[in-house]
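Subject: The structure we talked about

Hi,

Here is the structure for you to open alongside this email. My notes on what turned up in it follow below.

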Amino acid sequence: MTSTRTSTPATDVWLPIAAAEMDGLPEGLNYRFWDGGRDYPSDPADCAFYVVPYMKGAEVAVRPLKAMSAVQVVQTLSAGIDHVEPGLGLLPAGVRLCNAKGVHEASTAELALALVLASLRGLPGFMQGQGREEWRSGFYPALADKSVLIVGYGSIGAAIEDRLEPFECARVVRVARSARATGRGPVHALEDLPALLPAADVVILSTPLNPSTQGLVDAGFLAAMRDGALLVNVARGPVVDTAALLSELESGRLRAALDVTDPEPLPAGHPLWHAPHVLITPHVGGSTSAFLPRAKRLLAGQLTRFAAGQPVDNLVLTTD
């Protein structure tokens, strides 16, 4: 389909959720359903508000951007924007990129806690034992009295701490890109990690993927972790150096629970599948029953503001 900019203002909204299934959408906009299929629902040049299909990868997310000559808002349904960033240079100046803050906090924090508890309490081994009819009793670590370090203290990191509160942790330490104060206590800067890692029993990664965090968890980071510590990644796979992590797992010094990997999906035959002391889930941190109602509320609110000419929420950047 050839894309040419129309002479009238663009009013199409591309949604990966059918408009008929959503409440609270404003009138006066043309809602088009597109969830990443081969054919576009209308001329991309007529799209004013583009909601990126969820969990369809960068190729799908970026594909229509070059032809979206009149788009004003690009809205992701993920907290991260790394899958859209490769196409931002294709957009005209002034396009607002928004993320899905508020949509994934509950689900991702639940999974982070589940991964911590399952790993500490030995649930994967119990499942293996059940299949073999083996009664694997023993003495296992508790989350109580552990020191937990959250690397990436945004809204998801804060939601993780919410869920840690009843578990009697010895302490929760917070790290973000820059230091700041919160009602719960200080947030340390990334450069403080070398001093903080040796005291942590559990390190939870919930940071966005960007140039400052890609490969953050490298051999030096892992070497600074105490013997027997647990690394939990609910952020993005490339935050962790896979080869360095494999080395630590295979030595038996560290344990890991990973909802995201690098590469992803993890291909058959990859050594991470069978590394000791690792629990892997297939990037399902946000993929729960909590996603759809929160996504619909976010989009209805954003589109109501957009139609009224008001500022949209969750603004990450504006293209140059």
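**Salt bridges**

Arginine 226 counts as partly exposed, at 34% relative accessibility (buried is under 20% relative accessible area, exposed over 50%, and partly exposed in between, with a 1.4 Å probe and protein chains only). Before going on, please keep in mind that this is a predicted model, where local features need pLDDT of at least 70, side-chain atom pairs count only at pLDDT 80 or more, and totals for chains, interfaces and linings use all residues. Residues are numbered from 1 along each chain as its sequence is written, and side-chain values use heavy atoms, with hydrogens and water left out.

What does arginine 226 pair with? Its side chain meets that of aspartate 201 in a salt bridge, at 2.7 Å from N to O; the term stands for a side-chain nitrogen of Lys or Arg within 4 Å of a carboxyl oxygen of Asp or Glu. Arginine 226 sits in the loop between helix H6 (219–224) and strand S11 (230–233), and aspartate 201 in the loop between helix H5 (193–196) and strand S10 (202–205), so the pair ties together parts that are 25 residues apart in sequence. Helices (H or I, at least four residues) and strands (E, at least two) are DSSP runs, numbered from the N terminus. Aspartate 201 counts as buried, at 17% relative accessibility.

By the same rule, the count comes to 14 salt bridges. Another one joins arginine 184 and glutamate 165, whose closest N and O atoms are 3.3 Å apart. Here arginine 184 lies in the loop between strand S8 (180–182) and strand S9 (185–189), while glutamate 165 lies in the loop between helix H4 (155–164) and strand S7 (171–176), so this pair ties together parts that are 19 residues apart in sequence. Arginine 184 is partly exposed, with a relative accessible area of 32%, whereas glutamate 165 is exposed at 54%. Both belong to one network, in which salt bridges that share partners join Glu161, Asp162, Glu165, Arg174 and Arg184.

Arginine 63 and glutamate 59 also form a salt bridge through their side chains (3.5 Å, N to O). Arginine 63 is partly exposed at 29% relative accessibility, and glutamate 59 is exposed with a relative accessible area of 54%.

**Nonpolar cores**

How many residues are in the largest nonpolar core? There are 33, and those with the most contacts inside it are Leu149, Val203, Leu205, Phe221 and Leu231. A nonpolar core here is a set of buried Ala, Val, Leu, Ile, Met, Phe, Trp, Tyr and Cys residues joined through side-chain atoms within 4.5 Å. Two or more residues of this core come from each of strand S6 (147–151), S7, H5, S10, H6, helix H7 (242–251) and strand S12 (255–258). H7 gives the largest share, four residues. Apart from this core lies another, of 27 residues, including Ala112, Cys169, Leu230 and Ala257.

Leaving aside residues up to four places away in sequence, valine 203 touches Leu149, Val151, Leu197, Phe221, Met225, Leu230, Leu231 and Val232. Contact means heavy atoms within 4.5 Å.

**A buried histidine**

Histidine 270 is found in the loop between S12 and strand S13 (278–280). This residue is buried, with a relative accessible area of 15%. Not counting residues up to four places away in sequence, histidine 270 touches Thr242, Leu246 and Pro263.

Best wishes
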